Structure formats: structure tokens, C-alpha cells
Amino acid sequence: MINLSGMISLALLKKETFTGSERGMRFRLAKVSDEAEGDRLEAVVWPEPFQFSATEEEKKERAYFSFSQEGLTEAVAWMNERHSTEPEKWKKKKKEQA
């Protein structure tokens with residue numbers, strides 16, 4: 001289960017992208033902005049073994065949340081839900097040829 005209490009803050013996410021992994025699932029949290037929606041928190045999950053930039057887009061799942069403490073809590077809950085509902089998807093696979 002992903003628990004980021006004490007590890008991440010909105011102040012960090014204003015400046016940096018946060019990445020991690022949980023038993024075969026990699027994840028990324030980042031602040032994204034646009035004129036229509038304003039500041040939002042983007043959560044992305046994808047299966048190991050590759051990093052974000054080396055993983056095909058079709059393997060990534062995205063969700064957006066308010067850029068607030070409540071949004072961060074919701075993003076972590078979403079990532080945990082994604083991990084628990086498809087356990088086979090996150091089983092470690094041998095590295096494929098790049």
C-alpha cells in the first residue's frame with residue numbers, strides 16, 4: 001500500500017515531480033497547469049520495469065485531482081485502488097528488449 005505521509009508535500013510538488021514504486025507498479029505525481037483548468041495534480045501509474053519516459057503511453061494510466069492536500073490524498077487513494085484491482089498487471093516482468 002502506498003503511504004506518502006511525511007514524504008511529500010504540495011510545496012515539493014510545486015517545484016518537482018515525485019516518482020516511486022509499489023510492488024510492480026510505478027507511479028508519478030506532478031503539478032500540471034493550463035488556462036482552462038488551472039493548477040491540477042496529475043497522477044500516473046504504469047507497470048515496471050521502465051521509467052516514465054521509457055514506457056509506452058498506452059501502458060500509462062492518468063487521473064487528475066485538485067492541487068490541494070485533499071487532492072493529494074485522493075490521488076494516493078486512486079493509485080492504491082489501481083494497484084489492488086488488477087494485481088496481475090503489476091507482477092514484475094522481465095525487462096523487454098528496448
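**Salt bridges and overall build of a predicted protein model**

Lys-59 and Glu-56 form a salt bridge in which the closest N and O atoms are 3.2 Å apart, a salt bridge being a side-chain nitrogen of Lys or Arg within 4 Å of a carboxyl oxygen of Asp or Glu. This is a predicted model, in which local features need pLDDT of at least 70 and side-chain atom pairs count only at pLDDT 80 or more, while totals for chains, interfaces and linings use all residues. Residues are numbered from 1 along each chain as its sequence is written, and side-chain values use heavy atoms, with hydrogens and water left out.

**Fold and dimensions**

- The protein contains two helices and four strands, taken as DSSP runs numbered from the N terminus (helices H or I, at least four residues; strands E, at least two), and the elements follow the order α-β-β-β-β-α from the N terminus on.
- The protein is as compact as a globular protein of its length, because its radius of gyration of 14 Å is close to the 13 Å that the globule rule gives for 98 residues; the radius is taken over C-alpha atoms, and the rule is 2.2 Å times the number of residues to the power 0.38.
- Along the principal axes, the C-alpha atoms fill a box of roughly 40 × 25 × 20 Å.

**Burial**

- Of the 98 residues, 39% count as buried, where buried means under 20% relative accessible area, exposed over 50%, and partly exposed in between (1.4 Å probe, protein chains only).

**Charged pairs**

- Side chains of opposite charge can pair when their charged atoms come close, and a search of the whole structure finds 14 salt bridges.
- Arg-26 and Glu-48 meet through their side chains in a salt bridge of 4.0 Å, N to O, which links distant parts of the chain, 22 residues apart: Arg-26 lies in strand S2 (residues 25-34), and Glu-48 in the loop between strand S3 (38-47) and strand S4 (61-66).
- Arg-26 counts as partly exposed at 26% relative accessibility, whereas Glu-48 is buried at 13%.
- Lys-89 forms a salt bridge with Glu-61, with the closest N and O atoms 2.4 Å apart; this pair links the segment after helix H2 (69-85), which holds Lys-89, to strand S4, which holds Glu-61, 28 residues apart.
- Lys-89 is partly exposed at 25% relative accessibility, while Glu-61 is buried at 18%.
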